[in-house]
Amino acid sequence: MSIRTSRVLHRSLRETPPKAVGGEGVYLFAEDGRRIIDASGGAAVSCLGHQHPRVIAAMVKQASTLAYAHTAFFSSEPAEALAETLVGQEPGGLAYAYFVSGGSEAIEASIKLARQYFIERGEPQRQHFIARRQSYHGNTLGALAAGGNAWRRAPYAPLLSSAFSHVTPAFAYHEKHDGESDAQFVARLAAELEAEFQRLGADTIAAFLAEPVVGATAGAVTAPEGYFKAVREICDRHGALLILDEVMCGMGRTGTTHAWQQEGITPDIQAIAKGLGGGYQPIGAMLASGKIIDTIRSGSGAFQHGHTYLAHPLACAAALAVQNVIREDRLLDRVKERGKQLEQRLTERFGNHRHVGDIRGRGLFWAIELVADRASRTSFDPALKLHQKIKAEAFANGLGCYPGGGTVDGVRGDHVLLAPPYIASADEIDQIVDKLGTAVDNVV
Ligand code: PLP
């Protein structure tokens, strides 16, 4: 019997998902007429929801003016304006933007820029990168090598660069010892990172790479206060760069444009993507500090990298419109306000739930973690694939949410990630929590 249902290679080769045929605000419409609340914006992408009229108008205008011009020959008005918006006004040393087509490309560019910077500085021995376990930095081979998701890495292990090593993540729910204070936890993680620098040779480290709020792999994991200051200090002391991956947690998702603004530090290089274009076009960016670009400018004079769709004019125009709407409509205030509501509602609904061990997040970026036993924090058997069951149950009831879990580096946390659009109303936030509650109760 043939199991082919579509010529498109979907994520599952056994079933074809329903077609999405339209969208409006926080809703997506399926071909069978169902309205789905897009409570995770896909994977924290659709920050303005769907079919935002000002973004559509800007895209139509740009498409009818200039859709594409190769960057070997031309810059474009939307690319220049978007860069001014992103790095012309923010505090900190990030001064240049390099536009690519998504998060993995932004990470690849970040890694290569760091490497080239040290070659041009006369430190070619800096060829190691330290990242963290239970992280996700993308699915292309370089980004996969950087990430710490054991399950995703395993089949491709022979193809992955050994330039990356991984240390313990700042994941308090699973990694903090009983009786350990936040300060002690931070000090322990910092000591481990310092030891990794020493093990590899401190002058061979190019950069430390981390997500300020871990998204897909662990589910909205924020670091304890002081953690990022500690890693920044270690990088500075050893002359290494700090690369932050804000592909998922950036561009307003946590209540500030960049999540690092809440950590009291500035990265040297940063990757952004999802909330940059809000899903209206495929776009990501690497933001880089002036010191790095000035070094290369006065050295070889060119970043030795590139893709066909760099700084695509239509993608940049869409992202510019998304960022203008966020600023003009003061949506970061809304993220903070609705974020508090989401936290409160999740706490009311799941705070005493016998199978919800942790509720965590920031801004409009929250997750619940499911456990078989709260006291011992024991996860469910990953073979049960509970997070997938909750996703299916929620979807059947009109809720789109982003599940994660399975066995990841030995930490078996089924979780559900919520990342609603910044335009969500108070009522829509309530509906999201109600529907998630029903789905969880029906499954566990
Ligand atoms: N980095 C992080 C933190 C992500 O969450 C993702 C995607 O989920 C990526 C990188 C890769 O981005 P993309 O899927 O756009 O290549």
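Visitor: Why are H8 and H9 called roughly parallel to each other?
Guide: In this predicted model, helix H8 (residues 182–200) and helix H9 (residues 227–238) pack at an angle of about 25°. Angles under 35 degrees count as roughly parallel, and H8 and H9 are therefore described in that way. Their axes are 9 Å apart, and H8 passes H9 in a right-handed crossing.

Visitor: Which residues in H8 and H9 meet?
Guide: From H8 they are Val186, Leu189, Ala190, Leu193, Glu194 and Phe197, and from H9 they are Tyr227, Ala230, Val231, Ile234 and His238. Such a contact requires C-beta atoms within 7 Å. By class, the residues of this contact comprise nine nonpolar, one polar and one charged.

Visitor: What makes H13 roughly parallel to H15?
Guide: Helix H13 (residues 331–350) packs against helix H15 (residues 426–443) at an angle of about 30°, with the axes 10 Å apart. The limit for the term is under 35 degrees, so H13 is roughly parallel to H15. The crossing of H13 past H15 is right-handed.

Visitor: Which residues in H13 meet H15, and of what classes are the residues of the contact?
Guide: Arg338, Gln341, Leu342, Arg345, Leu346 and Arg349 in H13 meet Ala426, Ile429, Asp430, Val433 and Gly437 in H15. These divide into five nonpolar, two polar and four charged residues. Gly counts as polar, so Gly437 of H15 falls in the polar class.

Visitor: How do you know where domain 1 and domain 2 lie?
Guide: The bounds come from the domain assignment, which gives domain 1 as 20–51 + 330–443 and domain 2 as 58–328. Their C-alpha centres lie 25 Å apart.

Visitor: How many residues of domain 1 and domain 2 are in contact, and what gives the most to the side of domain 1?
Guide: The contact involves 33 residues of domain 1 and 32 residues of domain 2. On the side of domain 1 that touches domain 2, H13 gives the most, with five residues. That side has 17 nonpolar, 10 polar and six charged residues.

Visitor: What surrounds the ligand?
Guide: There are 16 residues around the ligand, and the closest are Gly102, Gly103, Ser104, Gly138 and Val247. Helix H4 (residues 103–120) gives the most to the shell, with three residues. By class, the shell has seven nonpolar, seven polar and two charged residues.

Note on methods: Residues are numbered from 1 along each chain as its sequence is written. This is a predicted model: local features need pLDDT of at least 70, side-chain atom pairs count only at pLDDT 80 or more; totals for chains, interfaces and linings use all residues. A residue is near a molecule or strand if its C-beta atom, placed from the backbone, lies within 6 Å of it. Helices (H or I, at least four residues) and strands (E, at least two) are DSSP runs, numbered from the N terminus. Axes are lines fitted to C-alpha atoms, for helices over the stretch in contact, and angles run from 0 to 180 degrees between N-to-C directions. Angles under 35 degrees count as roughly parallel, over 145 as roughly antiparallel, 65 to 115 as roughly perpendicular and the rest as oblique. A crossing is left-handed if the near helix is turned anticlockwise from the far one by less than a right angle, and right-handed if clockwise. Two residues are in contact if their C-beta atoms, placed from the backbone, lie within 7 Å. Domain bounds come from an automatic or database domain assignment.
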